[in-house]
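Subject: Structure handover and notes

Hello,

Please find the structure below, together with its sequence. My notes come after it.

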Amino acid sequence: MQLSEVVLSGASLPGAIRLVRAANVAALDPEAAMFTAMLTGWEQQQSSRLLTKKTITDRLSLVRRFAEFTGTYPWDWTPEDVEAYFAARLSRGELVWSTVRGQQGDLEMFCAFITDSRYGWAAACSEEFGRFPVQVCHDWNTAAHVVEYEGRPGRRALTFDELQTFFDAAGDRVEETRRKQRKGVLAAWRDAVLLKQVYAYGMRRRETAMLDLADLRRNPRAPQYGRVGAVEVRFGKASRGAHLSGGRC
């Protein structure tokens with residue numbers, strides 16, 4: 001089977017080689033052109049899944065850094081390259097444990113994409129270079145998620161008294177601003193409520209920053225809170241929307 005036939009036989013899925021790379025164009029640097037096309041295809045595939053621009057950009061940057069570190073292209077990568085790359089970055093103190101696990105997951109997803117026969121990349125590499133990409137991230141060379149908290153051991157949650165002092169300080173700021181008849185009463189009150197809401201539900205920064213008044217909902221199970229008994233998170237991670245029941249904020 002010729003390369004043109006390999007390309008044309010690919011499925012018409014977002015990110016498939018036939019939708020990214022023209023079959024009748026000869027590149028001056030075939031390997032570099034194939035790698036660039038792979039990244040373009042993966043970008044399109046992720047965009048079709050409605051992932052955020054930042055998520056996609058960060059993942060593409062990781063793959064480029066990994067390729068630069070190995071000095072090879074995906075069809076020549078090995079599991080040992082994964083170990084060497086992350087060992088080098090950890091030894092220089094550039095990554096923390098949770099970041100390593102996340103980046104290894106991203107690299108695994110990229111390899112899964114280019115080895116999936118539905119997209120045609122592996123077949124095209126085999127035809128053009130005589131080599132094809134394989135999955136290089138496995139259970140024995142990647143970090144396992146074995147604990148709930150992966151932050152630095154020196155960090156800890158606030159005690160009950162510390163948390164109460166923190167919330168009281170936020171509330172006192174509202175009253176102090178009101179007493180002095182200065183601007184910013186509503187902003188201070190908003191901040192105090194959001195601080196309590198973030199701690200109560202464990203919401204992320206973006207999820208909180210994107211909240212609006214329209215996201216307040218009635219909660220039939222908590223009628224005493226009126227129209228503010230629930231919050232709809234429209235910009236939640238990896239979801240199209242989620243609801244949080246209201247509490248005493």
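This is a predicted model: local features need pLDDT of at least 70, side-chain atom pairs count only at pLDDT 80 or more; totals for chains, interfaces and linings use all residues.

Residues are numbered from 1 along each chain as its sequence is written, and side-chain values use heavy atoms, with hydrogens and water left out.

Helix packing

Helices here are DSSP runs (H or I, at least four residues), numbered from the N terminus. Helix H2 (residues 30-47) and helix H6 (residues 121-129) have axes that come within 12 Å and cross at roughly 175°. The axes are lines fitted to C-alpha atoms over the stretch in contact, and angles run from 0 to 180 degrees between N-to-C directions. H2 and H6 are therefore roughly antiparallel to each other (the term covers angles over 145 degrees).

On the H2 side, the residues that meet H6 are Pro 30, Glu 31, Met 34, Ala 37, Met 38 and Gly 41. Their counterparts in H6 are Trp 121, Ala 124, Cys 125, Glu 128 and Phe 129. Contact means heavy atoms within 4.5 Å. By class, the residues of this contact divide into eight nonpolar, one polar and two charged.

Nonpolar core

The largest nonpolar core has 34 residues. Such a core is a set of buried Ala, Val, Leu, Ile, Met, Phe, Trp, Tyr and Cys residues joined through side-chain atoms within 4.5 Å. Buried means under 20% relative accessible area, exposed over 50%, and partly exposed in between (1.4 Å probe, protein chains only). Met 34, Met 38, Trp 77, Phe 110 and Trp 121 have the most contacts inside the core. The elements giving two or more residues to this core are H2, helix H3 (53-70), helix H4 (79-91), helix H5 (97-115) and H6. In soluble globular proteins, nonpolar side chains tend to be buried together.

Which residues does Trp 121 contact, leaving aside its neighbours within four places in sequence? They are Gly 15, Ala 16, Ile 17, Val 20, Met 34, Ala 37, Met 38, Gly 41, Phe 113 and Ile 114.

Asp 106 is in helix H5 and is buried, with a relative accessible area of 17%. Not counting residues up to four places away in sequence, Asp 106 touches Trp 42, Arg 59 and Leu 62.

Salt bridges

The count comes to 17 salt bridges, taking a salt bridge as a side-chain nitrogen of Lys or Arg within 4 Å of a carboxyl oxygen of Asp or Glu. Glu 31, Asp 76 and Arg 131 are linked in a network of these.

- Glu 31 and Arg 131 form a salt bridge, with the closest N and O atoms 3.2 Å apart. This pair links distant parts of the chain, 100 residues apart: Glu 31 in helix H2 and Arg 131 in the loop between H6 and helix H7 (160-179).
- Asp 76 and Arg 131 form a salt bridge, with the closest N and O atoms 2.6 Å apart. Asp 76 lies in the loop between H3 and H4 and Arg 131 in the loop between H6 and H7, so the pair ties together parts that are 55 residues apart in sequence.

Glu 31 is partly exposed at 27% relative accessibility, Asp 76 is partly exposed at 29%, and Arg 131 is partly exposed at 31%.

Elsewhere, the side chains of Lys 180 and Glu 176 meet in a salt bridge (3.2 Å, N to O). Lys 180 is partly exposed at 42%, and Glu 176 is partly exposed at 31%.

Single residues

Leu 50, in the loop between H2 and H3, has a positive phi of about 65° although it is not a glycine. Leu 50 is exposed, at 64% relative accessibility. Gln 181 lies in the loop between H7 and helix H8 (185-201) and has a positive phi of about 55°, again without being a glycine. Gln 181 is exposed at 75% relative accessibility.

Trp 189 is found in helix H8 and is exposed, at 52% relative accessibility. Trp 189 and Thr 177 are twelve residues apart in sequence and 9.7 Å apart in space, C-alpha to C-alpha.

Regards

Methods
Angles under 35 degrees count as roughly parallel, over 145 as roughly antiparallel, 65 to 115 as roughly perpendicular and the rest as oblique. Ala, Val, Leu, Ile, Met, Phe, Trp, Tyr, Cys and Pro count as nonpolar, Asp, Glu, Lys and Arg as charged, and the others, Gly among them, as polar.
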